[in-house]
Amino acid sequence: MKIYLAPMEGITTYIYRNAYHKYYGGIDTYYTPFVANRTLKSRELRDVLPENNTALPLVPQILTNKTDVFLEIIEQLKDMGYNEVNFNLGCPSGTVVAKGRGAGFLDDPTELEKFLDIIYDKSPLPISIKTRLGIESLYEWEDLLKMYAKFPIKELIVHARTLSQQYGGTPHMEAFKMAQDMLSCPLCYNGDITDTDTYGKLLKECPDTTAVMIGRGAIADPELPVILKHSNFNFNQFCTSSTDNNEKIFNNNISEWRNNFMDYSKFLSFHDEILTGYRDYMSGEQPVLYKMKELWTLWSQHRNVDKKILKKIRKAQSISAYQSIVKQIYFNGL
Ligand SMILES: Cc1cc2nc3c(=O)[nH]c(=O)nc-3n(C[C@H](O)[C@H](O)[C@H](O)COP(=O)(O)O)c2cc1C
């Protein structure tokens, strides 16, 4: 199974990706959050520059609905040495959708097909696509799949939700199965893989799956990708037979892996590397604190951090105050 770390604007920055790769790994490919400007802004450029991503297998992502912008960005990325780009058809943010970009582009399949015709014809690099299922209803998905079937898509990453679901509701694994039945290009599943149970459910419903992309689940529990990678064989066993015995073997193996990997001091080193990374390039303490507080919103979900401590983190006004609270969590055993 290939495992990808999902692009998450503001979260999976190059600083986060590098620290993640060093301390946790288990990721076959990282994706940058989208770049969208013909001339890349300094934040976008910093995130994709090869010298900031030396150790990472990385695919940059583009968001636009203008072919000339797409082709200009792809030229710049090619010059940097990239050999694949990803096209964003999933972003649900109001401002992006209002401009007919991201998931908003799915609302105009005729224009989208013209766009894909041009970029697949002219692109100097292979293009993978990250898509949602449509705007409102699953009825749109079959037509979208018929359209995707016309293009040499390097890989179709399916975030199995519609735009109107935003990041909530249940992902439609059956829609991913439909893509497996209708398309011959490589496919990757994305949506709410948060633990071994959700991963097992995917493999039961879509046993032919060969790649998954994980976002919030891998941020909340950075051990997750490596655990899923090493439990692969047992999952296959689990999927072909659901006897109690198999379930037991499966659960024992998972807890063994957990014990091996549950290394809190590793988490603290990982945390400190991210903090140092942001302090090195952001000016002032407040932007750095903002970044770290945003991360704790996800980290705390898995680590069961006491609500009072989380509140203290949110209220911290200086890095030194913040650091002493984080230490406190650590010594309380997370
Ligand atoms: C804060 C945030 C930022 C995101 N930024 C991007 C982005 O830049 N590009 C993209 O394709 N998806 C983006 N996503 C969507 C994720 O890549 C992923 O598709 C989504 O979170 C579902 O996967 P998950 O359930 O594993 O988190 C973002 C999601 C979140 C929550």
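Why is strand β5 (residues 85-89) largely enclosed by the rest of the structure? Five of its five residues are buried, so the strand is largely enclosed. Buried here means under 20% relative accessible area, with exposed over 50% and partly exposed in between, using a 1.4 Å probe and protein chains only.

Some ground rules. This is a predicted model, where local features need pLDDT of at least 70, side-chain atom pairs count only at pLDDT 80 or more, and totals for chains, interfaces and linings use all residues. Residues are numbered from 1 along each chain as its sequence is written, and side-chain values use heavy atoms, with hydrogens and water left out.

Back to β5. Both faces are covered. Val-85, Phe-87 and Leu-89 are buried on one side. Asn-86 and Asn-88 are buried on the other. Helices (H or I, at least four residues) and strands (E, at least two) are DSSP runs, numbered from the N terminus.

Now the neighbours of β5. Two strands pair if DSSP finds at least two bridges between them. β4 and β5 pair in the parallel sense over two bridges. Gln-61 has Asn-86 in β5 as its bridge partner. Between β4 and β5 the chain passes through helix α3 (residues 67-79), and this β-α-β crossover is right-handed. Right-handed means that, with the strands pointing away from the viewer, the path from the first strand over the helix to the second runs clockwise. On to β6: five bridges join β5 to β6, and the two run parallel. There, Leu-89 stands opposite Thr-131 in β6.

Step back to the whole sheet. It is open, with nine strands and parallel pairing. The order is β3-β2-β1-β9-β8-β7-β6-β5-β4. The edge strands are β3 (58-59) and β4 (61-62), each pairing on one side only.

Let's walk along from β6. Strand β6 (residues 127-131) and strand β7 (residues 156-159) pair in the parallel sense over three bridges. Thr-131 stands opposite Val-158 in β7. Next, four bridges join β7 to β8, again parallel. Val-158 has Tyr-189 in β8 as its bridge partner. β7, helix α7 (residues 173-182) and β8 make a right-handed β-α-β unit.

Two bridges join β8 to strand β9 (residues 211-214), which run parallel. Asn-190 has Met-213 in β9 as its bridge partner. A right-handed β-α-β unit is made here too, by β8, helix α8 (residues 196-205) and β9.

A backbone N or O atom of Pro-7 is 2.7 Å from a ligand oxygen atom. For Phe-34, a backbone N or O atom is 3.3 Å from an oxygen atom of the ligand. Tyr-167 has a side-chain N or O atom 3.5 Å from a ligand nitrogen atom. The protein covers 89% of the 610 Å² of accessible area that the ligand has on its own, by the Shrake-Rupley method with a 1.4 Å probe.

Definitions and conventions. Polar contact = N/O pair within 3.5 Å; in protein donor to acceptor, adjacent residues only side chain to side chain.
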